[in-house]
Amino acid sequence: MRGLPCGFRSIGGIPAERIERARQSFFRVFTSHGYSVLLPSAVQLFGSCWERLSDEIRNRMISLGTPSGETGCLSPDITLASVSFLSAHYAPEERPLRICYGERVFRSPSAPDNTADTFQLGAELLGWDGEGADVELLTLLLRALDVLGVEESFVVIGDVTILSSLLAGLPEQTASALRNALARQSFPAFREIMERAPLPESLRSPLNELPSLRGGMEVLKKASRILPRGCSTEGVGKLAGALCSSGFEERVLIDLSLARELDYYSGPVFEVFCGKHGKPLGGGGRYDGLLSSFGMMGQAIGFSLNLDLILEPSRISPARSSTVMAWPGKLQPDKALSIAECITEFNRTIEMSWVKQRHRSIELARRRNYRWWTDLSEDHVYDLTDGSRREREEWLKEGWSG
Amino acid sequence: MINIALPTGRMLQECIGILDQLGLPCSGLAKPGRSLVITEKNCRYLLAKPMDVPAYVHYGAADMALAGSDVLMERNVPLVEIADTGAGRCRLVVAGPENVSSRFSHPWCRINGLRVATKYPNLTSSYFSYQGIGMEIIHLHGSVELAPLLGISDCILDIVQSGETLRANGLTVIEEVAQVSMRVVASRRYTHQGWEMISSIMNKLGPWKGRSYHAG
């Protein structure tokens, strides 16, 4: 019997603990700033997602029938589920609303990856007007990346309204082809469409230069010379400027041609990268338009990160390395468990091994990559990395040290 | 240090010419021996099977690569396509014997269910299904022209340069799917971190060129 459908995963052992630790670390950053945790349903209404998501994601939605006969899909995007929840459960006067989540999303695999489920961490902030909300969310995002141990992380900020303004007067077919070429990140295709399309001369230079408007804050000066008056870079400038002033100047870049794959963004957008991966760890942006499609007015911003990508290069160590394996020795189980309980009161994680032979218990601890082992009938703890022995009481007072 | 993935095989010589044109150090690539990683000054070259090149960039092992547009279409990996070098230009075509060729000039129902031999199963599937034509795809890894000769397939979808091999095996071009050439690609991350390098490459290659393809 096969255990799982192709592309789906059950995760256990150390990888599961790494994911859970990362979720908890992420939640700590956001809940300490007033965000509440959301546990969204794993199934969403197919039609609701189809209306609001891009073609690329629509083609990858995994549909299913619900017990009530509706057509559903495994959740392809948690922002939609979040906004749907918030619009249904909170009155306008309860805003602003802040939520964070760490859940699975499901999409048919796209080359060269072959998994249909990925873990997403994310946060949404609804109902605050002005750039303060954008700065808050991105600041917490960068802090969360540090807490998660993601090395060489940086954000790239753009604004989808810049491209929309440039394309506003063009025939829909041309505008759509140019937008798609940028979303596919094909500069030759973008250039070719420009050469063939009947574009006004005044637009040729700004469109031609748009993909090269990327880099540090100096890009904004260059953009002011190139872009027409209607294309404001003020939003990107304020956001990037505020992050630089907050000490993140080494981790903020600008790309004024940035076009996110989701169609619901309507203002500043951003993508997150780290030193190891060629593709983004995630991204997000302003989605005021999506909010209004759920009957809510005002400003909204959110992001999601692919936790599977984050955990690959991060320094988050498996929780078990700090676990102590306890062997009861000559003690009866009830007495051994009572001593074990005392140990857990010092914030230590303990696993009992009920084998009869002492050496087998130590072997098991080593196999599980535990650093500490103790015989509960004695007063010592052994460090399995170097074989040294310490007084248990003294060891407990030292606190957690990995 | 910049990591550049290059395709092994006959395309490697074309790549050396392009790297030379870009002013990148590449003398060690002429005779790589069995080495798959060659470092020259600030460039580390990763030599990979042509079909694997996009994956090396996608997963971040390489910052940039030279890859055929046929490979990019087949693998469909989200990379940033920087420029069309114009090198290695050829065509991706559907080809077959005369009797099959004539079926393509009739309404599509005459070719529904034909068997196509190809090295590009994803591209072939996308090309025909976009037109609403159901084809049986036979995935081969080389010498695709053999398949119609031996009756394994009715036609092929493959790259053609001069057309000599097709003619020698009694095949003719039925329709063109796309123009193929060597492209410079980069990872999304590197287009931000290494933009200076990328813009200098674009400047050295002259005006950006581009060819769309008809599939999907």
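A residue is called buried here if 20 or more other C-beta atoms lie within 10 Å of its own, exposed if 12 or fewer, and partly exposed in between, with C-beta atoms placed from the backbone. This is a predicted model, in which local features need pLDDT of at least 70 and side-chain atom pairs count only at pLDDT 80 or more, while totals for chains, interfaces and linings use all residues. Residues are numbered from 1 along each chain as its sequence is written, and chains are lettered from A and ligands numbered from 1 in the order in which they are written.

Start with chain A. Select residues 13-311 for domain 1 and 320-398 for domain 2; these bounds come from an automatic or database domain assignment. The centres of the two domains of chain A, taken over C-alpha atoms, are 47 Å apart.

Next, select helix 11 of chain A, residues 234-248. Helices (H or I, at least four residues) and strands (E, at least two) are DSSP runs numbered from the N terminus. Val236(A), Gly237(A), Leu239(A), Ala240(A) and Leu243(A) are the buried residues of helix 11 of chain A. Around these buried residues, show their packing partners in chain A: helix 5, strand 7 (154-159), helix 10 (218-226), strand 9 (252-255) and strand 10 (268-273).

Helix 5 of chain A contributes Glu131(A), Asp134(A), Val135(A), Leu138(A), Thr139(A) and Leu142(A) to the contact, and helix 11 of chain A contributes Lys238(A), Leu239(A), Ala242(A), Leu243(A), Ser246(A) and Phe248(A). Contact requires C-beta atoms, placed from the backbone, within 7 Å. The contact of these helices has 7 nonpolar, 2 polar and 3 charged residues. Ala, Val, Leu, Ile, Met, Phe, Trp, Tyr, Cys and Pro count as nonpolar, Asp, Glu, Lys and Arg as charged, and the others, Gly among them, as polar.

Now show both chains. Their contact takes 25 residues from chain B and 21 residues from chain A. On chain B, strand 5 supplies the largest share of the side that touches chain A, 5 residues.

Finish within chain B: select 2-89 + 181-204 for domain 1 and 90-179 for domain 2. Their C-alpha centres lie 29 Å apart.

Note on methods
Axes fitted to C-alpha atoms, helices over the stretch in contact; angles between N-to-C directions. Contact = placed C-beta atoms within 7 Å.
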